[in-house]
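Walk me through this structure, one stop at a time.

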Amino acid sequence: MTQNPQIKPAPIKHALTTTRAGDFAAWYQEVISAAEMAEESGVRGCMVIRPWGYGIWERIQHLMDARIKAAGVENCYFPLFIPLSYFAKEAEHVDGFAKEMAVVTHHRLIADGKGGLVPDPEAKLEEPLIVRPTSETVIGQAMARWVQSWRDLPLLTNQWANVVRWEMRTRMFLRTSEFLWQEGHTAHADRTDAMAETLRALEMYRSFSEEALAMPVVAGEKPENERFPGAAATYSIEAMMQDGKALQAGTSHYLGTGFAEAAGIHYQNKEGQQALCHTTSWGVSTRLIGGVIMTHGDDDGLRVPPAIAPQQIVILPMLRDTDEYEALLAYCEELRSSLAKQQALGEPIRVLHDKRPGKATQKRWAWVKKGVPLILEIGGRDAASGQVSVVRRDRLWQDNGKVNFSAMSREDFLGRAASEIEDIQRSLHAEATERRDAQIVRGIDTLDGLKAYFSGDEDKAGQKYPGWVEMGWSRPTGAALEAVVEVLKSLKLTIRNTPLGAGKPEGLCPFTGEAAVETIYVARSY
RNA sequence: CGGGGAGUAGCGCAGCCUGGUAGCGCAUCUGCUUUGGGAGCAGAGGGUCGCAAGUUCGAAUCUUGUCUCCCCGACCA
């Protein structure tokens, strides 16, 4: 077919078999398995998080935990099991979570006489325990004990934990029945203080996403119909995935006094009177990893932002001829230790000398798929002449279809390694921001316009959606809002949030015909 | 939880309709040759065919049940 092989660039042979354009959902699955991030566990909706995936989570924990502590919040740990009676106290909360609860009813197994085991009917629990879907209720019980006086406020706590929600439809990292997260719970003297904390947590998530995950997000308030069960106001950060869908990447809730009332969290104020606390809760989960995959991944696998990469540089000795092993490995080892003494992004550089036996090229592609930011390949001649050969994962290919390695002296590389790492972090963020901004459309101010924009919206393969619409609306409530939600639902759309700091829009609300009072983002979502 | 699809070697799949104790590609191992880089040739190892019952002389193949995964929908971080 190719008439002129000399001038026609060779087709790139990508590391994955599925492309984003071909089948985005299958591509997502393949990245997770090819990058050895997670695998299925045999238990419905639950996954095994493998070292590379868990390493990314540990980085997220490490950086997020520092921010949480810097805000004066203290870590603690509450039980996995919550007495049913605790949970039952907040009515809206119950409505929201009751359908997806794991319940513990027995404490012993006995033989069933057929070689199996069954719960012992004699060992039924007096009161069933639920496996926590979130911990407002138990933590509320503790807060009620801990808070007596205005001097005890604000009470700022956080826990890193696993939670369980019996999901009907699961996807690795994005929605699993059990997931890992951080949940902050705070109690305050009044609304003003609690609201400030809610927004502080939201801003913490926004800056964390942008800076650590290199994932641009919009921070804003969720519409009434999307509120956390029992919350007075819910805020979120929303990220745009490469297929144009929105992902809620973190939430922060102002809970008002509802939970305080249910758990009896009150204090004596300076005037000597009893007052109810205003509480907040906020969390991010392993879902962030799904966001990172769908923000930065490409047709060769994952690309991990350096700030959260378990390893930022991998050194691959090109082991081939036994005679040079020793000198080559010594050279690589020296390189590793020189790099490890340096700092990038405010921390020591994380570098791995991968001297496992095996074909070097095989190992290279494994690291490409894992998305390690910088790969160094070192051959015998490099070692002898003090050179290195390096490729940036975010700039993997040359136009001619070859891997974009560049050779330089060891000194040159040592001199620029840290800035390369920092540049990759910046560059991933810039790329994602540019893509997102290109997929936000403005100026649609009628319902027909919205319908037209999203009709036949999927591309030929059904893998790509036209991004987000930024528009004004009149912020209807109650039944009027329900009507809007129904219209959007028929278009498979949702209101993501009202971005903070967006000025009052001009014109009329396309749903109600009333004057628009605030800006919203409308999109398909995960 | 409703509709659809699927579970066979580490990964991707064929075989199933028309039952006769399992095959291909990649990966793995061995040898030779090559080699500044995703090598070639030859040979080898590796499978309770998701699980459990049933039909049958005989089941990956037919029947029933069950578990898990994927897609669409309802629901949700």
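A salt bridge is a side-chain nitrogen of Lys or Arg within 4 Å of a carboxyl oxygen of Asp or Glu. A search of the whole structure finds 33 of these salt bridges.

Before going on, here is what stands behind the values. This is a predicted model, in which local features need pLDDT of at least 70 and side-chain atom pairs count only at pLDDT 80 or more, while totals for chains, interfaces and linings use all residues. Residues are numbered from 1 along each chain as its sequence is written, chains are lettered from A and ligands numbered from 1 in the order in which they are written, and side-chain values use heavy atoms, with hydrogens and water left out.

Take one salt bridge. Arg 303 pairs with Glu 431, and their closest N and O atoms are 2.8 Å apart. This pair links distant parts of the chain: Arg 303 is in the loop between helix 8 (287-296) and strand 17 (313-317), Glu 431 is in helix 12 (residues 410-438), and the two are 128 residues apart. Helices (H or I, at least four residues) and strands (E, at least two) are DSSP runs, numbered from the N terminus. How open are the two partners? Buried means under 20% relative accessible area, exposed means over 50%, and partly exposed lies in between (1.4 Å probe, protein chains only). Arg 303 counts as buried because its relative accessibility is 7%. Glu 431 has 32%, so it counts as partly exposed.

Now a second pair. The side chains of Lys 355 and Glu 333 meet in a salt bridge (3.6 Å, N to O). Lys 355 lies in the loop between strand 20 (351-353) and helix 10, and Glu 333 lies in helix 9 (residues 325-340), so the pair ties together parts that are 22 residues apart in sequence. Lys 355 is partly exposed, with a relative accessible area of 47%. Glu 333 is partly exposed too, at 26%.

Asp 354 is buried, at 3%. Salt bridges can also join up: Arg 392, Asp 394, Arg 395, Arg 416, Glu 420, Asp 423 and Arg 426 are linked in a network of them.

Next, the sheet. Strands of a sheet pair through backbone hydrogen bonds, either parallel or antiparallel. Two strands count as paired if DSSP finds at least two bridges between them. One open sheet has four strands in the order 24-25-28-26, with mixed pairing. Strand 24 (440-442) and strand 26 (494-495) stand at the edges, each with a single partner strand, so one side of each is left without a neighbour in the sheet.

Follow strand 28 through this sheet. Strand 28 (residues 518-523) pairs with strand 25 (residues 468-473) in the antiparallel sense, over five bridges. In that part, Thr 519 of strand 28 stands opposite Gly 472. Strand 26 also runs antiparallel to strand 28, and two bridges join them. There, Thr 494 has Ala 523 of strand 28 as its bridge partner. Is strand 28 enclosed or open? Six of its six residues are buried, so strand 28 is largely enclosed by the rest of the structure. Glu 518, Ile 520 and Val 522 point one way, while Thr 519, Tyr 521 and Ala 523 point the other way.

Some backbone angles deserve a stop. Most residues other than glycine have a negative phi, and most peptide bonds are trans. Glu 36 is not a glycine, yet its phi is positive, at about 50°. Glu 36 sits in the loop between helix 1 and strand 1 (38-40). The peptide bond from Leu 153 to Pro 154 is cis, with omega near -5°. Lys 492 has a positive phi as well, near 60°. Lys 492 is found in the loop between helix 14 (478-490) and strand 26. It counts as exposed because its relative accessibility is 54%.

Lys 492 leads on to the RNA. A polar side-chain atom of Lys 492 lies 3.5 Å from a phosphate oxygen of RNA strand B. Such a polar contact is a pair of N or O atoms within 3.5 Å; within protein, one must be able to donate a hydrogen and the other to accept it, and residues adjacent in sequence count only if both atoms are side-chain atoms. Lys 489 also has a polar side-chain atom by a phosphate oxygen of RNA strand B, at 3.2 Å.
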